[in-house]
Amino acid sequence: MSDLPPPPGPSLRPPRHRVSRTAIRYWRLRALGGWLVVVAAQIVWLLLTDGHRGLHALALAVTVLVALAHAIVMPQWRYSVHRWEVAPQAVYTRAGWLHQESRIAPISRIQTVDSERGPLEQLFGLADVTVTTASAAGPLSIEALDRATAERLVDELTSAAQATRGDGT
C-alpha cells in the first residue's frame with residue numbers, strides 16, 4: 001500500500017465562448033467615464049486653490065496617465081478572461097480581471113434566467129444574462145454578450161431548466 005496521495009484529476013478547461021468583441025469598447029468607455037469624474041474634480045481643485053499648483057498639476061498628470069493605462073489594459077484583459085458555456089448538465093462562467101472567478105451551476109438548480117440591457121449597453125448592442133440559482137454564492141452573470149446571443153441563451157437556459165428534473169433548490 002502506498003502512502004502517496006492519488007494523482008490530481010484532470011483540470012477543468014476554460015469555458016468555450018467569449019463575450020462580444022464589442023465589450024472591449026464598452027468597458028473602455030465605462031472606465032474613461034469613471035476617470036473623467038476624478039479628472040474633472042482635480043481640475044476644479046487646481047483652479048480653485050492658490051498654493052501648491054505644481055503639486056496639483058503633477059497629481060492631475062499622474063491621474064491622466066493612470067486613467068489611460070487603465071482604459072487601455074483593463075478592457076483587453078477582461079476580454080481575455082471573460083468566458084461562458086452551457087453544457088448539458090451545467091452553466092459555466094469565468095469573469096474578472098484582477099480578481100477572477102469561475103462558477104458552475106447545475107441546470108437542475110436554475111430558478112430564473114434574466115436579460116438586462118442598460119442605456120450604454122443598448123448603444124453598443126450588448127446585453128447581460130443573469131442565471132439565478134439556490135446557491136448562497138449568488139447568481140451567475142454573463143456580461144457583455146451581443147443582444148442576439150443573449151436572447152438565444154435566455155431561451156436555451158429557460159428550456160433546459162424546464163426540461164430538467166429537479167426542484168431548483
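Visitor: Which elements do the buried residues of helix 1 pack against?

Guide: The model is predicted: local features need pLDDT of at least 70, side-chain atom pairs count only at pLDDT 80 or more, and totals for chains, interfaces and linings use all residues. Residues are numbered from 1 along each chain as its sequence is written, and side-chain values use heavy atoms, with hydrogens and water left out. Helices (H or I, at least four residues) and strands (E, at least two) are DSSP runs numbered from the N terminus. Buried means under 20% relative accessible area, exposed over 50%, and partly exposed in between, with a 1.4 Å probe and protein chains only. Contact means heavy atoms within 4.5 Å. Here, the buried residues of helix 1 pack against helix 2, helix 3 (119–124), strand 6 and strand 7. Among these buried residues are Ala23, Trp27, Val39 and Leu46.

Visitor: What does Trp27 touch?

Guide: Leaving aside residues up to four places away in sequence, Trp27 touches Val19, Met74, Pro75, Arg78, Tyr79, His82, Glu143 and Ala144.

Visitor: Which residues of the largest nonpolar core touch the most other members?

Guide: A nonpolar core is a set of buried Ala, Val, Leu, Ile, Met, Phe, Trp, Tyr and Cys residues joined through side-chain atoms within 4.5 Å. The largest one has 28 residues, of which Val19, Trp27, Ile110, Val129, Leu145, Leu153 and Leu157 touch the most other members. Helix 1 gives the most to this core, with 5 residues.

Visitor: What is the strand order in the open sheet of 3 strands?

Guide: Two strands pair if DSSP finds at least two bridges between them. In this sheet the order is 5-6-7, with antiparallel pairing. Strand 5 and strand 7 are the edge strands, each pairing on one side only. Strand 5 is joined to strand 6 by 6 bridges, and Val113 stands opposite Val131 in strand 6.

Visitor: Which strands does helix 4 lie across, and at what angle to strand 7 does it run?

Guide: Axes are lines fitted to C-alpha atoms, for helices over the stretch in contact, and angles run from 0 to 180 degrees between N-to-C directions. Helix 4 lies across strand 5, strand 6 and strand 7, at about 140° to strand 7.

Visitor: Why is one side of strand 1 and of strand 4 left without a neighbour in the other sheet?

Guide: That open sheet has 4 strands in the order 1-2-3-4, with antiparallel pairing. Strand 1 (17–18) and strand 4 (100–106) stand at its edges with a single partner strand each, so one side of each has no neighbour in the sheet. Strand 1 pairs with strand 2 over 2 bridges, and Arg18 has Arg83 in strand 2 as its bridge partner.
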